[in-house]
Protein chains: 2
Amino acid sequence: MADRAQYEELMRQLSAIGSVRRELGRILPGGCSSVAATVLALLGHDGDMRIGRLAELLAVDMSVTSRHVAHLAARGWIDRSPDPADRRSRILRLTPEGRAMLTELSAHTARTLARRLSGWSDEDVRRLTCLMARLRESFEDPWTGREPWAEQPPGTAQDPGAGPSDERPPRTPAVTT
Amino acid sequence: MADRAQYEELMRQLSAIGSVRRELGRILPGGCSSVAATVLALLGHDGDMRIGRLAELLAVDMSVTSRHVAHLAARGWIDRSPDPADRRSRILRLTPEGRAMLTELSAHTARTLARRLSGWSDEDVRRLTCLMARLRESFEDPWTGREPWAEQPPGTAQDPGAGPSDERPPRTPAVTT
DNA sequence: TATTGTTATACTCTATAACTATA
DNA sequence: TATAGTTATAGAGTATAACAATA
């Protein structure tokens, strides 16, 4: 439990971290946008998945994900084959071109970060990565009482209506205009 | 010096951290936008300053900053008094209303983070804050620092058109249309 | 001429709502 | 009726460029 000044400092750093994201997104190879790179990385890391699952990993609305996916598909980097088990869904999969682009992106990322983080120890890079992952988990499903950083089997995450918490709906409270 | 998988993991976390920022920005009091809150926090923390300095702290273009500042001023949270030393500039300063809003925001931030980070140790909060600050510093002005990671001969550092280097201009390379 | 700030315009990313097609 | 995905529209945030006023 930290004090207020510490929370404010964390808040400032969270606001400022966007500049790093923007800088990393400026010079992507192959006309690849920042989100496109993220989608390719997720598909490469987690394997084929449905739109809904991708939206969950991106932590954005499915409509947004759908648009991004359409863009990637138009570039020929992924394809959307119908899911035989549920014909409402489509399975996203990297094409060979998408995989090639991912390889290029991966090399580019490694080069850029190796340069910018040249003074960092292996240990500090790992520490920062872990703490950011834990931070994100701390902001997931706060109304269920579980401890996200304890090892939970994936799939037990969503249980709407379970938590007697005091903080209600995660969605935006309607426009104030 | 970390390996490629570690850099990729860091990249994924950097992409994903936006969800935390968005979540924190959803429920701001007083019709305060995310950027407005950041501006108020910076003025409260660092004191009165000019637009250019604020743009630097926000790590965005001055034109963007100017727009945000105009918005804050219209809300009555800051005022822009002319700088007697340089009449091109204006000094940004919190109004009493702005200070009141900042107090409210600060309390809100502390409450929210205390709840979401209830399982975190004081030490881990501090560690994450420090590592994020350091990450941001690692991405500032990389071309003026000139570390030995580049095999560039000395003297070709900031000379556009001098070397056939593949990693030059920090700015967006102009619209390709 | 260079610098500080402003405005106009365009682009990226996101959310809400209305829609379809399956389940 | 409920769910998976799509599309339309709106909003927030940013960058570039052209401009104004001052140094």
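A salt bridge here is a side-chain nitrogen of Lys or Arg within 4 Å of a carboxyl oxygen of Asp or Glu. By that rule the whole structure holds 21 salt bridges over all chains. The model is predicted, so local features need pLDDT of at least 70 and side-chain atom pairs count only at pLDDT 80 or more, while totals for chains, interfaces and linings use all residues. Residues are numbered from 1 along each chain as its sequence is written, chains are lettered from A and ligands numbered from 1 in the order in which they are written, and side-chain values use heavy atoms, with hydrogens and water left out.

**Both chains**

Show chain A and chain B together. A rotation of 180° with 0.0 Å of shift along its axis superposes chain A on chain B, with an RMSD of 0.1 Å (least squares on the C-alpha atoms of residues with pLDDT of at least 70 in both copies). The two copies are therefore related as by a two-fold rotation axis. To find the axis from chain A, select A:Leu128, whose C-alpha is the nearest to it in that chain, at 3.3 Å.

**The interface**

Next select the residues in contact (heavy atoms within 4.5 Å): 69 from chain A and 64 from chain B. The two chains bury about 7200 Å² between them, 64% of it on carbon and sulfur atoms; this is the accessible area (1.4 Å probe) that two parts lose on being put together, summed over both. Colour A:Tyr7, A:Trp120 and A:Phe139, which supply 10% of the area that chain A buries against chain B, more than any other three residues.

**Across the interface**

The count between chain A and chain B is 2 salt bridges. One of them joins A:Arg134 to B:Asp124, with the closest N and O atoms 3.0 Å apart. This pair runs from helix α7 of chain A to helix α7 (residues 122-138) of chain B; helices are DSSP runs of H or I, at least four residues, and strands are runs of E, at least two, numbered from the N terminus. Both A:Arg134 and B:Asp124 are buried (buried is under 20% relative accessible area, exposed over 50%, partly exposed in between; 1.4 Å probe, protein chains only).

**Within chain A**

Move to A:Arg93 and A:Asp79, whose side chains meet in a salt bridge at 3.8 Å, N to O. A:Arg93 lies in strand β3 (residues 90-94) and A:Asp79 in strand β2 (residues 78-82) of chain A, so the pair ties together parts that are 14 residues apart in sequence. A:Arg93 is partly exposed at 37% relative accessibility, and A:Asp79 is partly exposed at 29%.

Finish with A:Glu23, A:Arg26 and A:Arg116, which are linked in a network of salt bridges.
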